[in-house]
Amino acid sequence: MNIAILPGDGIGPEIVAEAVKILDALDEPFEMDTADVGGAAYASQGHPLPEPTLRVAKQADAVLFGAVGDWQYDKLPRPLRPEQAILGLRRELALFANLRPAILYPELADASSLKPEIVAGLDILIIRELTGDIYFGQPRGRRSSPDGAFAGADEAFDTMRYTRPEIERIARVAFEAARTRKAVGHPGKVTSVDKANVLETSQLWREVVEDVHADYTELALDHLYVDNAAMQLVKAPKSFDVVVTGNLFGDILSDEAAMLTGSIGMLPSASLDASSKGLYEPSHGSAPDIAGRGIANPLATILSAAMMLRYTFARSESAGRIEAAVQTVLGRGLRTADLMPRGTQAPALQLVGTAEMGDAVVSALRAQ
Ligand code: IPM
Ligand code: MG
């Protein structure tokens with residue numbers, strides 16, 4: 001069980017340290033190799049995803065990733081920006097299936113910006129295709145003015161592109177997930193999100209998803225245009241079960257879904273290849289504004305480590321233990337700043353920092 005630990009930038013190192021604490025507390029024979037990634041790797045080696053880091057990631061069974069990005073790197077040319085590290089890892093490790101659950105813990109019902117009757121009990125799974133679409137489309141580029149300077153570019157373009165096999169395999173991941181969820185009481189429904197009224201890629205998407213559905217007739221399938229899906233997510237979020245969509249729409253909708261749960265600081269994610277290798281990271285970013293202050297919420301990263309145990313290492317029981325420990329700690333009223341309900345007096349809640357939250361999860365785990 002070899003894990004590549006890539007903490008990255010901003011709050012990345014702080015939150016990853018807490019997830020490592022939890023893994024250590026399980027007393028399993030994990031081997032961990034740590035490497036710089038993102039801005040940290042640019043600073044130490046001149047590239048956001050240097051060869052040694054890529055090697056560590058490729059050799060591992062799973063990658064635990066913090067976050068990348070910091071203001072000081074905003075002016076770098078695009079190939080050297082920290083974001084290129086995560087895009088490069090997705091491409092190089094062929095991590096095409098991104099699973100982003102949006103679960104509202106009952107203890108946090110008052111942290112959501114939506115009314116409790118609309119969100120209470122929310123448990124949906126967004127599945128985002130991660131290695132195709134406009135993120136990786138060719139051709140891409142810019143047409144410069146005659147002097148060739150970037151500042152003088154008159155036109156820029158990115159190409160939205162999908163192939164049948166790419167759509168087929170992500171559709172299959174979605175139907176399989178809906179089937180597994182149905183076995184534990186979820187409705188067994190896949191909502192495919194596209195823009196088939198406008199885009200060619202979406203028309204192909206819709207056709208292929210329909211074809212794959214033929215193998216899963218016990219599951220319901222419906223289609224929504226992405227603008228309507230964005231609206232339904234805030235209007236009736238519980239009408240969803242599994243959502244499957246392309247890379248760009250999935251990027252946007254998964255942030256929206258995350259916020260329904262009150263804090264993006266709670267949401268883990270898994271990015272999987274065709275076998276069981278995966279990269280696990282919180283759904284949130286590097287939050288440079290609060291980096292180094294010990295106040296970031298480590299729970300999304302801790303829950304990402306739980307997903308790693310479930311999907312890569314087939315240790316569902318340990319994964320469940322971590323999730324239960326997180327719930328215990330929330331039940332006791334421990335809250336990082338992002339989880340504190342605004343404007344209310346909440347004497348039962350206790351404001352804690354990053355390390356205290358991690359320590360509390362470790363004690364809850366040990367007390368089980
Ligand atoms: C995400 C992020 C990334 C993306 C960025 C950092 C490139 O927003 O994982 O959702 O757009 O995929
Ligand atoms: Mg995003």
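**Reading the ligand site and the domains**

The space that ligand 1 takes up is the second largest pocket.

Colleague: Before I start, what kind of model is this?

Modeller: A predicted model.

Colleague: Okay. Which residues surround ligand 1?

Modeller: For a shell like this, take the residues with a heavy atom within 4 Å of the molecule. Here that gives Glu83, Arg90, Arg100, Arg128, Tyr135 and Asp251. Sorted by class, the shell has 5 charged residues, 1 nonpolar and no polar ones.

Colleague: Which side chains have an N or O atom at 2.8 Å or 2.9 Å from an oxygen atom of ligand 1?

Modeller: For polar contacts, look for N or O pairs within 3.5 Å. The side chain of arginine 128 has such an atom 2.8 Å from a ligand 1 oxygen, and for aspartate 251 the distance is 2.9 Å. Arginine 90 also puts a polar side-chain atom 2.7 Å from an oxygen of ligand 1.

Colleague: And how much of ligand 1 does the protein cover?

Modeller: On its own, ligand 1 has 320 Å² of accessible area, and the protein covers 72% of that.

Colleague: Now the fold level. What does the domain assignment give?

Modeller: Domain 1 comes in two stretches, 1-96 and 274-368, and domain 2 is 97-272. Their C-alpha centres are 22 Å apart.

Colleague: How many residues are in contact between domain 1 and domain 2?

Modeller: Count residues with heavy atoms within 4.5 Å: 31 from domain 1 touch 31 from domain 2.

Key
Residues numbered from 1 in each chain as written. Chains lettered and ligands numbered in written order. Predicted model: local features only at pLDDT ≥ 70, side-chain atom pairs only at ≥ 80, totals over all residues. Heavy atoms only, no water. Polar contact = N/O pair within 3.5 Å; in protein donor to acceptor, adjacent residues only side chain to side chain. Areas by Shrake-Rupley, 256 points an atom, 1.4 Å probe, with all protein chains shown as cover. 1 Å grid on protein atoms, 1.4 Å probe; cavity = no way out; pocket = protein on both sides within 12 Å on 5 of 7 lines; lining within 4 Å. Sits in = over half its atoms within 2 Å of the grid points. Nonpolar A, V, L, I, M, F, W, Y, C, P; charged D, E, K, R; others polar. Domains from an automatic or database assignment.
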